[in-house]
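Please find below a short note for a colleague who is new to this structure. The points are numbered so that each may be checked in turn.

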Amino acid sequence: MVKKSTRKKSKKNRLMIWGKRLILSIILLAAVLAVLLIGARRKPRIAPLGSPAENLAVMTAIGKLSGAMLNPDSKVASRAVVELTPDELNAILANAIRAYQMKNSGADAPVIFAEWRDKLAALDVSLPLPVAGAVNIHAGVRPDLAARKLVLQITGVRAGWLPVPDFLINPIAEQALRELEKSEQYRLAVEVVESLQVTESGNLRIEFLPARISLLLGLLLQR
């Protein structure tokens with residue numbers, strides 16, 4: 001007959017073995033997650049100077065905007081509509097990212113890249129970690145603005161190699177939008193831009209009020 005003390009010792013040994021296995025499993029899981037989440041730090045992908053094609057696209061977009069602001073009698077229109085093509089949108093995005101890179105050139109600054117394609121903005125953000133590596137995030141963002149209410153359709157979110165489910169992303173995006181709506185910048189922007197809509201051809205249709213464009217210009221000068 002097995003003594004009671006022997007049974008207790010055997011049970012204690014089994015618990016120790018299972019405890020060690022559990023700790024080892026947690027360490028392995030953490031290591032796998034680290035491999036999937038952490039990658040190399042991304043370098044800026046926007047050149048310091050724009051290409052001739054990019055500069056031409058920017059000028060074309062400016063021409064569209066300025067042309068839409070005037071009636072045939074050269075008076076300021078009460079309402080204007082323009083459609084910007086993917087090339088024009090990408091040129092504008094490139095200039096915005098270039099300005100960001102100039103102001104945020106430190107080793108610990110996030111690296112941002114965005115490109116308009118397939119009817120949305122493909123966004124890549126590289127968040128450097130204190131020691132080494134970075135968490136590289138990808139997401140597709142499709143904007144829509146109507147009745148001064150901005151809606152962002154966010155798809156294909158990925159952190160490293162790991163897809164991030166919508167039930168985690170949607171509450172964060174909604175909270176960020178609620179905070180944005182409280183800002184003076186948002187209020188001024190929707191005073192000028194009445195609607196944003198992605199067309200079937202992948203263009204971005206913008207309806208705005210030319211008479212209030214000075215509000216938006218003032219906002220840009222503050223940035």
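How many nonpolar, polar and charged residues are in the lining of the largest cavity?

1. The model under discussion is predicted. By class, the lining of its largest cavity holds 2 nonpolar, 1 polar and 3 charged residues. The residues concerned are Arg 42, Arg 45, Val 111, Phe 113, Asp 124 and Ser 126. Two elements, strand 3 (111-117) and strand 4 (120-128), each give two or more residues to this lining. The volume of the largest cavity is about 30 Å³, and the count of cavities of 30 Å³ or more comes to 1.

2. Ala 80, Val 82 and Leu 84 form its covered face, while Val 81 and Glu 83 are on the uncovered one. In a regular strand, side chains alternate between the two faces of the sheet. Strand 2 runs antiparallel to strand 9 (residues 204-208), and 5 bridges join the two. Within strand 9, Leu 204 is the bridge partner of Leu 84.

3. Turning to charged pairs, the model has 11 salt bridges. One of them joins the side chains of Glu 88 and Lys 64, at 3.0 Å from N to O. Because Glu 88 belongs to helix 3 (residues 86-103) and Lys 64 to helix 2 (residues 52-68), this pair ties together parts that are 24 residues apart in sequence. Glu 88 has a relative accessible area of 5% and is therefore buried, whereas Lys 64, at 30%, is partly exposed.

4. A salt bridge also joins the side chains of Arg 79 and Glu 194, at 2.9 Å from N to O. This pair links distant parts of the chain: Arg 79 is in the loop between helix 2 and strand 2, Glu 194 is in strand 8 (residues 193-198), and 115 residues separate them. Arg 79 is partly exposed, with a relative accessible area of 42%; Glu 194 is also partly exposed, with a value of 26%. Together with Arg 205 and Glu 207, Arg 79 and Glu 194 are linked in a network of salt bridges.

5. A further salt bridge is formed by Arg 187 and Glu 184, whose closest N and O atoms are 2.7 Å apart. Both residues lie in helix 5 (residues 184-192), 3 residues apart, so about one helical turn separates them. Arg 187 is partly exposed at 40% relative accessibility, and Glu 184 is partly exposed with a relative accessible area of 46%.

Conventions: Residues are numbered from 1 along each chain as its sequence is written. This is a predicted model: local features need pLDDT of at least 70, side-chain atom pairs count only at pLDDT 80 or more; totals for chains, interfaces and linings use all residues. Side-chain values use heavy atoms; hydrogens and water are left out. On a 1 Å grid over the protein atoms alone, a cavity is a set of points where a 1.4 Å probe fits but cannot get out, and a pocket is an open set with protein on both sides within 12 Å along at least five of seven lines; lining residues have an atom within 4 Å of a point. Grid points are joined across faces, edges and corners, and a volume is the space filled by probe spheres set on the points. Helices (H or I, at least four residues) and strands (E, at least two) are DSSP runs, numbered from the N terminus. Ala, Val, Leu, Ile, Met, Phe, Trp, Tyr, Cys and Pro count as nonpolar, Asp, Glu, Lys and Arg as charged, and the others, Gly among them, as polar. Buried means under 20% relative accessible area, exposed over 50%, partly exposed in between (1.4 Å probe, protein chains only). Two strands pair if DSSP finds at least two bridges between them. A salt bridge is a side-chain nitrogen of Lys or Arg within 4 Å of a carboxyl oxygen of Asp or Glu.
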